[in-house]
Amino acid sequence: MAAKSQPNIPKAKSLDGVTNDRTASQGQWGRAWEVDWFSLASVIFLLLFAPFIVYYFIMACDQYSCALTGPVVDIVTGHARLSDIWAKTPPITRKAAQLYTLWVTFQVLLYTSLPDFCHKFLPGYVGGIQEGAVTPAGAVNKYQINGLQAWLLTHLLWFANAHLLSWFSPTIIFDNWIPLLWCANILGYAVSTFAMVKGYFFPTSARDCKFTGNFFYNYMMGIEFNPRIGKWFDFKLFFNGRPGIVAWTLINLSFAAKQRELHSHVTNAMVLVNVLQAIYVIDFFWNETWYLKTIDICHDHFGWYLGWGDCVWLPYLYTLQGLYLVYHPVQLSTPHAVGVLLLGLVGYYIFRVANHQKDLFRRTDGRCLIWGRKPKVIECSYTSADGQRHHSKLLVSGFWGVARHFNYVGDLMGSLAYCLACGGGHLLPYFYIIYMAILLTHRCLRDEHRCASKYGRDWERYTAAVPYRLLPGIF
Ligand code: NDP
């Protein structure tokens with residue numbers, strides 16, 4: 001069993017006077033070995049309530065035209081009971097189960113059986129077999145990068161169906177939205193539970209497993225770092241990107257089709273949401289190789305947080321704006337629409353350029369130009385659990401010299417743009433920006449903790465050179 005095959009797990013060290021010696025790297029680099037009460041309380045809260053939060057939002061749209069306070073007011077004033085609301089909720093159906101099974105199977109086939117060919121003809125696109133970052137145990141995994149191809153083929157089929165084949169209605173996703181929610185939950189829980197059992201009994205890499213001794217924390221934050229089946233089926237890469245992110249743009253298209261069916265036209269707000277989110281999704285797949293170097297893949301273990309989150313939270317809550325616009329076909333004034341578009345594009349620009357600067361800098365080992373100049377660098381080193389000493393560099397130029405996570409600021413601007421596209425009628429479409437602000441602030445703190453442990457004094461030199469995390473002068 002993996003737990004038994006673990007080397008002596010070092011105790012987590014205090015971060016006071018952080019060092020980047022071996023013990024610190026082993027103890028803290030990667031997710032926690034020990035669970036404090038606040039983390040445990042948060043984990044239990046999320047395990048208990050996150051599925052209900054998703055249900056609440058989707059049900060509020062279905063039964064209360066997206067009025068977020070509607071169900072609570074009805075219950076408090078005695079106009080409805082929980083059982084009434086539940087009775088009106090569509091159950092799982094055979095059709096939804098078949099659809100969902102077909103969808104996931106199709107994505108698994110695209111992922112496992114179709115090696116990337118896009119990199120052979122798309123200039124500048126990096127696909128095919130690529131290497132991930134060094135894991136805490138010192139391993140380097142290889143990945144088959146073929147997400148862009150999967151996205152293109154899936155959307156080609158979608159449009160072929162809509163305009164030529166007519167196998168199914170483009171509103172199919174909206175029409176089965178709640179029955180599909182139950183299917184997504186079943187997959188989310190099944191995958192997370194399987195990952196937990198696999199972590200204990202047949203891990204892919206025992207040296208990269210982590211056991212905190214707390215069942216709930218292990219279930220939520222995962223045990224295995226890179227669980228795989230066979231050589232190529234990587235759980236993190238598959239579930240993070242597909243089926244959730246491939247589905248994101250299809251879900252939006254289905255919402256647009258439903259808006260047209262119900263209101264005879266597609267509003268400019270719906271077009272904006274579709275276009276801005278499609279840019280984000282295509283960017284994700286165009287840069288899937290870069291994604292191998294992000295926190296999801298380099299830091300997080302695979303548990304309920306990623307497994308259930310990718311199956312349920314992402315496709316259901318990241319698409320709330322499109323869903324809202326089906327019930328409220330907002331048509332924006334031209335200045336409002338242009339403002340939203342500009343905010344979304346500027347946000348995307350910052351997000352993309354910041355991420356590109358770091359990626360280019362790391363790929364070329366600092367031999368590149370950032371904003372037309374040789375970049376300023378902090379040389380750093382760290383030790384992986386196998387005792388190997390590694391050298392790395394931190395970029396202090398470009399957006400990485402403005403703030404330590406300015407890429408998150410771009411992401412937040414884009415997220416705000418999606419919400420503003422929905423006008424000011426309801427709170428529900430603004431959930432996304434609230435959630436992203438919490439997620440990215442928390443992520444920022446998590447990442448800083450990890451980097452401080454990994455790089456020790458070298459990280460302190462970086463924080464001295466770039467004192468702010470997100471917004472210069474503020475945070
Ligand atoms: P980053 O891409 O910012 O990666 C952080 C890592 O980069 C650090 O752990 C460190 O890793 C390295 N690093 C930090 N500072 C420097 C520096 N100055 N120079 C070079 N390397 C540095 O974080 P994320 O993975 O969280 O985010 C990637 C993108 O994805 C972001 O733009 C974010 O907004 C977006 N995102 C979107 C989400 C969504 O749900 N829509 C969720 C999460 C992220 P190392 O160990 O290699 O040094």
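This text walks through the fold of one chain, from its overall dimensions down to single residues.

The model is predicted. Its chain holds 23 helices and six strands. The radius of gyration is 23 Å, close to the 23 Å that the globule rule gives for 475 residues, so the chain is as compact as a globular protein of that length. Along the principal axes, the C-alpha trace spans about 65 × 55 × 50 Å. Buried residues account for 56% of the 475 residues. Take the contacts between residues at least 6 apart in sequence: 77% of them join residues at least 24 apart.

Start with a helix in the interior. Helix H18 covers residues 320-327. Seven of its eight residues are buried, so H18 is largely enclosed by the rest of the structure. The buried residues are Leu320, Gln321, Gly322, Leu323, Tyr324, Leu325 and Val326.

Next comes a helix pair. Two packed helices are described by the angle between their axes and the distance between the axes. Here the pair is helix H13 (residues 244-263) and helix H17 (residues 304-317). Their axes come within 9 Å and cross at roughly 25°. The cut-off for roughly parallel is an angle under 35 degrees, so H13 counts as roughly parallel to H17. The crossing is right-handed. H13 contributes Gly244, Ile245, Trp248 and Ile251 to the contact, and H17 contributes Asp310, Leu314 and Pro315. By type, the contact residues divide into five nonpolar, one polar and one charged.

Now step back along the chain from H13. The loop between H12 and H13 holds Pro243. A cis peptide bond joins Arg242 and Pro243, with omega about 10°. Most peptide bonds are trans.

Is Leu237 buried or exposed? Its relative accessibility is 1%, so Leu237 counts as buried. Leaving out residues up to four places away in sequence, Leu237 touches Tyr111, Tyr143, Gln144, Ile145, Arg242, Glu288, Tyr291, Leu292 and Ile297. Arg242, in that list, is also a partner in the cis bond. Leu237 and Gln259 are 22 residues apart along the chain, and their C-alpha atoms are separated by 33 Å.

Trp151 sits in helix H8 (residues 147-165). At 10% relative accessibility, Trp151 counts as buried. Which residues does Trp151 contact, apart from neighbours within four places in sequence? They are Val246, Thr249, Val281, Ile282 and Phe285. Trp151 and Ile245 are 94 residues apart in sequence, yet 8.9 Å apart in space, C-alpha to C-alpha. Ile245 also belongs to the H13 side of the contact with H17.

Two loop residues complete the tour. Most residues other than glycine have a negative phi. Cys66 has a positive phi, near 70°. Cys66 lies in the loop between helix H3 (37-64) and helix H4 (70-76). With 0% relative accessibility, Cys66 counts as buried. Trp371 also has a positive phi, about 50°, although it is not a glycine. Trp371 is in the loop between helix H19 (334-363) and strand E5 (377-383). At 52% relative accessibility, Trp371 counts as exposed. Thus Cys66 is buried, whereas Trp371 is exposed.

Key. Residues numbered from 1 in each chain as written. Predicted model: local features only at pLDDT ≥ 70, side-chain atom pairs only at ≥ 80, totals over all residues. Heavy atoms only, no water. Buried < 20%, exposed > 50% of the residue type's maximum accessible area, 1.4 Å probe, protein only. Helix = DSSP H or I, 4+ residues; strand = E, 2+ residues; numbered from the N terminus. Axes fitted to C-alpha atoms, helices over the stretch in contact; angles between N-to-C directions. Parallel < 35°, antiparallel > 145°, perpendicular 65-115°, else oblique. Left-handed = near helix turned anticlockwise from the far one by under 90°. Contact = heavy atoms within 4.5 Å. Nonpolar A, V, L, I, M, F, W, Y, C, P; charged D, E, K, R; others polar. Rg over C-alpha atoms; globule rule 2.2 N^0.38 Å.
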